[in-house]
Amino acid sequence: MSDTPFGFGLPPEEPENGDEGKKKDPAGGGQGSGGQGGNPFGANPFGFGGLPGMGGPGGADNPFAAMFGSLNPNDLGAAFQQLGQMLSYEGGPVNWDMAKQIARQVVAQGTADGTKDASVGPAEKSAVEEAVRLADLWLDQVTSLPSGANTAVAWSRAEWVEATLPAWQQLVDPVAERVGSAMGDVLPQEMQAMAGPLIGMMRSMGGAMFGQQIGQAVGALAGEVVGSTDVGLPLGPAGRAALLPLNIEAFGKDLGVPSDEVRLYLALREAAHQRLFAHVPWLRAHLFGAVEGYARGIKVDTSKLEEAVGQLDPTHPEQLQEALQQGMFQPEDTPEQKAALARLETALALVEGWVDAVVHEAAKSRLTSADALRETLRRRRASGGPAEQTFATLIGLELRPRRLRDAARLWASLTDARGVDGRDGLWEHPDMLPTATDLDDPDGFVHREHLDFSELDKMLGEAAKGEQPEDGDTEK
């Protein structure tokens, strides 16, 4: 688990050298490394380096200096317009209009290798549709869960941003709400009426700052994901299996595997995720509820925030920016907080492990590169793939590769012991799933639970026989 509960750092596209690179906090950067440090938000929790017209020296650490000190006259109007949008925002804890705008700008800039986003052509759409169709046919033979994809779509990076923002909002808002409310509650109650404009300004700025950083993270992620379920959550619309042809091409570029096989293997993973989320109705609420449970445990050091507000000089608004870098946001080390994180981590590992096991079973006899692709994706996750980076950046969670591998082994053992129906039947209720402790001993879980289910069936059968005389008019 990362130590960064809401580690807003600079995204991978930001410069790594020069003065800007020295200012970055590698422990709290946009890669979600979960490093140690006094400030779980990273060195720059609310930097404005990605806003239009706000580049240049000092732009990342001091938005106001960047806004007014390094602009040419032609950009001044745009900067004031941007500032007006920030201060006039009256929505929720995150300015999602700004998040969307910044994410689209990051996508438009292209990835570090110079690849620019592009509209998906008819041939690519057809190839994705055919891959998902074939993937579903193969999955029919290895899982009892029916197809969960009503349609198959090929997205550009910009389309991925548009389609997934509602899910990001559901994930991030609970955490941002907890932090944002503290920004407006630092003054004594009798003073809040008089300080209304200041509180409103702080909340507006907080919403914009969160929106800017989330936009940076989502925009950077759009340049890496290959589908709508890379993070182990259903980010796209229900029933829509989505792949990103441009990113799939980049993913398979140096693998030495035919592009058709790469596309088909990734289609198998996307289609398997869709089956799970479509036919396990409690799963989405279970995962998102764990995020909300984590958010409730976030604690804000109000003494530092009160001090920052009390000493705020209206002529130097960057002081608030500096104060926010002093580490006032910390997760509470409580049993509830630990339980929420453990529940989320375990559930995500079970989802990813099930997909890994099912896809491998479907592909191993049909794709010559199945083993190589499986290991590539596992290593991608272990070295800090999109899922780990995003969760570490936005909610402080990193999936441990050991959990994924253990979960995959557990599901494979269940298949051998109980068959496909017995394995998939565990998804009927969250209480039936393995726990984090069970992931340490998959074989023990399979053996123990198998005996328990047999005894339960026997007990239920005896109970049913015992009730028959009471239900009928005759006795035995």
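**Figure 1. Overall make-up of the predicted model.** The protein contains 19 helices and four strands, where helices (H or I, at least four residues) and strands (E, at least two) are DSSP runs numbered from the N terminus. The model is predicted, so local features need pLDDT of at least 70 and side-chain atom pairs count only at pLDDT 80 or more, whereas totals for chains, interfaces and linings use all residues. Residues are numbered from 1 along each chain as its sequence is written, and side-chain values use heavy atoms, with hydrogens and water left out. Of the 476 residues in the protein, 53% are buried; buried means under 20% relative accessible area, exposed over 50%, and partly exposed in between (1.4 Å probe, protein chains only). Among contacts with a separation of 6 or more, 77% join residues 24 or more positions apart, contact meaning heavy atoms within 4.5 Å.

**Figure 2. Packing of helix 11 against helix 14.** The view shows helix 11 (residues 283-296) and helix 14 (residues 335-363). Their axes lie 8 Å apart and the packing angle is about 150°; axes are lines fitted to C-alpha atoms, for helices over the stretch in contact, and angles run from 0 to 180 degrees between N-to-C directions. This makes helix 11 roughly antiparallel to helix 14, given that angles under 35 degrees count as roughly parallel, over 145 as roughly antiparallel, 65 to 115 as roughly perpendicular and the rest as oblique. The crossing of helix 11 past helix 14 is left-handed, a term for a near helix turned anticlockwise from the far one by less than a right angle, with right-handed used if the turn is clockwise. From helix 11, L283, H286, L287, G289, A290, V291, G293 and Y294 meet Q337, A340, L341, R343, L344, A347, L348 and V351 of helix 14. By class, this contact of helix 11 with helix 14 has 11 nonpolar, four polar and one charged residues; Ala, Val, Leu, Ile, Met, Phe, Trp, Tyr, Cys and Pro count as nonpolar, Asp, Glu, Lys and Arg as charged, and the others, Gly among them, as polar.

**Figure 3. E292 in helix 11.** E292 belongs to helix 11 and is partly exposed, its relative accessible area being 33%. The C-alpha atoms of E292 and V172 are 8.9 Å apart in space, although the two residues are 120 residues apart in sequence.

**Figure 4. Packing of helix 10 against helix 14.** The axes of helix 10 and helix 14 are 9 Å apart, and the two helices pack at an angle of about 130°. Helix 10 and helix 14 are therefore oblique to each other, and helix 10 passes helix 14 in a right-handed crossing. Helix 10 contributes Y265, L268, R269, A272, H273, L276 and F277 to the contact, and helix 14 contributes V351, E352, W354, V355, D356, V359, A362 and A363. The classes in this contact of helix 10 with helix 14 are 11 nonpolar, one polar and three charged residues.

Figure 5. G232 is placed in the loop between helix 8 (196-222) and strand 2 (240-243), and at 0% relative accessibility it counts as buried. E352, in helix 14, is likewise buried, with a relative accessible area of 2%. Not counting residues up to four places away in sequence, G232 touches H273, F277, L287, L348, V351 and E352. With neighbours within four places in sequence left aside, E352 is in contact with T229, G232, R269, H273, R381 and L404. Between the C-alpha atoms of E352 and T229, which are 123 residues apart along the chain, the separation is 9.9 Å.

**Figure 6. Packing of helix 5 against helix 10.** Helix 5 (residues 122-139) and helix 10 (residues 259-279) cross at roughly 60°, and their axes come within 8 Å. Their crossing is right-handed. On helix 5 the contact is made by A127, V128, A131, V132, L134, A135, D136, W138 and L139, and on helix 10 by R263, L264, A267, L268, A271, A272 and R275. By class, this contact of helix 5 with helix 10 has 13 nonpolar, no polar and three charged residues.

**Figure 7. Buried face of helix 9.** In helix 9 (residues 245-252), the buried residues are P245, N247, I248, F251 and G252. Viewed down the axis of helix 9, these buried residues fall within an arc of 160°, so they line one face of the helix; the arc is that of the directions from the helix axis to the C-beta atoms.
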